[in-house]
Amino acid sequence: VPALEISYPVVQTDNNDYYLTHMIDGSESTSGAIFLDYRIDKDPAKVKNTVLYGHNMNDGSMFHKVEEFFNDRSLFDSATVEYVTEDSVFIYEPLALYRCDAYYPFFMFEFSSDEAYLDFCDMISEKAFYLSDAEYDADTSLISFATCVNSLTTKNARYIYHAVLCESYTDIHSED
């Protein structure tokens, strides 16, 4: 997220616990790493909701700066997400920002039908603290950031940011 100076490698393993307490090199750390939900295909083109988790660090790192969106609507509206994989670049524009508890289904990524997916998107829209003018339909893909609120009194609270895929570039390493 260039506007927030959030730029990290994204890792994935076979569970959603390991990278909460491990760095990308495997060393133990309470900082952890930004990671993709273990159940989700690493190719955003193959999934409806690419869910990334990261800590809200007191030193301003990781997903801490997502909080800045709550204080600056114009920043929220103008920020894009650039998600780079080994052979593609995906550009997303903001959709929604909200606070919820850890059990709110922001992490859904598989849907039984187009209607179920659209219901999920509508649920996001209804929950939003900020909602952009971005449009979505049954073919829309999302990227979602989830981070803790970082408060001793609200350990289960989360900040969630969703963005809509608007452009993608494949074969970025080809010779053409």
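This is a predicted model: local features need pLDDT of at least 70, side-chain atom pairs count only at pLDDT 80 or more; totals for chains, interfaces and linings use all residues.
User: Is glutamate 5 buried or exposed, and what is its relative accessible area?

Analyst: Glutamate 5 is placed in the segment before S1. Its phi is near 55°, a positive value in a residue other than glycine. The limit for the exposed class is over 50%, so glutamate 5 counts as exposed, with a relative accessible area of 63%.

User: In which class does methionine 62 fall, and what is its relative accessible area?

Analyst: Methionine 62 is located in the loop between strand S2 (49-53) and helix H1 (67-71). Its phi is near 60°, again a positive value in a residue other than glycine. Buried means under 20%, so methionine 62 is buried, with a relative accessible area of 6%.

User: Which residues does isoleucine 6 contact, leaving aside neighbours within four places in sequence?

Analyst: Isoleucine 6 belongs to the segment before strand S1 (35-36). It is buried, with a relative accessible area of 9%. Its contacts beyond four places in sequence are Val1, Met62, Phe63, Lys65 and Val66.

User: What distance separates the C-alpha atoms of isoleucine 6 and glycine 60?

Analyst: Isoleucine 6 lies in the segment before strand S1. Along the chain, glycine 60 is 54 residues away from isoleucine 6.

User: How many helices and strands does the chain have, and what is their pattern along the sequence?

Analyst: The secondary structure comprises three helices and seven strands. Read along the sequence, these elements follow the pattern β-β-α-α-β-β-α-β-β-β.

User: Why is the chain described as compact as a globular protein of its length?

Analyst: The globule rule gives 16 Å for 176 residues. The chain is as compact as a globular protein of that length because its own radius of gyration is close to this value, at 16 Å.

User: What share of contacts between residues at least 6 apart joins residues at least 24 apart in sequence?

Analyst: The C-alpha atoms fill a box of roughly 40 × 40 × 35 Å along the principal axes. Within the chain, 44% of the 176 residues count as buried. Of the contacts between residues at least 6 apart, the share joining residues at least 24 apart is 64%.

User: Is phenylalanine 76 buried or exposed, and at what relative accessibility?

Analyst: Phenylalanine 76 is part of helix H2 (residues 73-78). Its contacts beyond four places in sequence include Phe69, Pro94, Leu95, Tyr130 and Tyr161. Phenylalanine 76 counts as buried, at a relative accessibility of 0%.

User: Which residues are in contact with serine 125, leaving aside neighbours within four places in sequence?

Analyst: Serine 125 sits in helix H3 (residues 114-127). Since its relative accessible area is 18%, serine 125 is buried. Its contacts beyond four places are Leu131 and Tyr136.

User: Which class applies to aspartate 101, and what is its relative accessible area?

Analyst: Aspartate 101 lies in strand S4. It touches Phe106, Asn156, Ala157 and Arg158, not counting residues up to four places away in sequence. Aspartate 101 is partly exposed, with a relative accessible area of 41%.

User: How far apart are the centres of the positive and negative side chains?

Analyst: The accessible surface of the chain is about 9500 Å², of which 46% belongs to carbon and sulfur atoms. There are 10 positive and 32 negative side chains. The distance between the centres of these two sets is 9 Å.

Conventions. Residues are numbered from 1 along each chain as its sequence is written. Side-chain values use heavy atoms; hydrogens and water are left out. Helices (H or I, at least four residues) and strands (E, at least two) are DSSP runs, numbered from the N terminus. The radius of gyration is taken over C-alpha atoms; the globule rule is 2.2 Å times the number of residues to the power 0.38. Buried means under 20% relative accessible area, exposed over 50%, partly exposed in between (1.4 Å probe, protein chains only). Contact means heavy atoms within 4.5 Å. Accessible areas come from the Shrake-Rupley method with a 1.4 Å probe; for residues, only the protein chains shown count as cover. Lys and Arg count as positive and Asp and Glu as negative; His and the chain ends are not counted. The place of a charge is taken as NZ of Lys, CZ of Arg, CG of Asp or CD of Glu.
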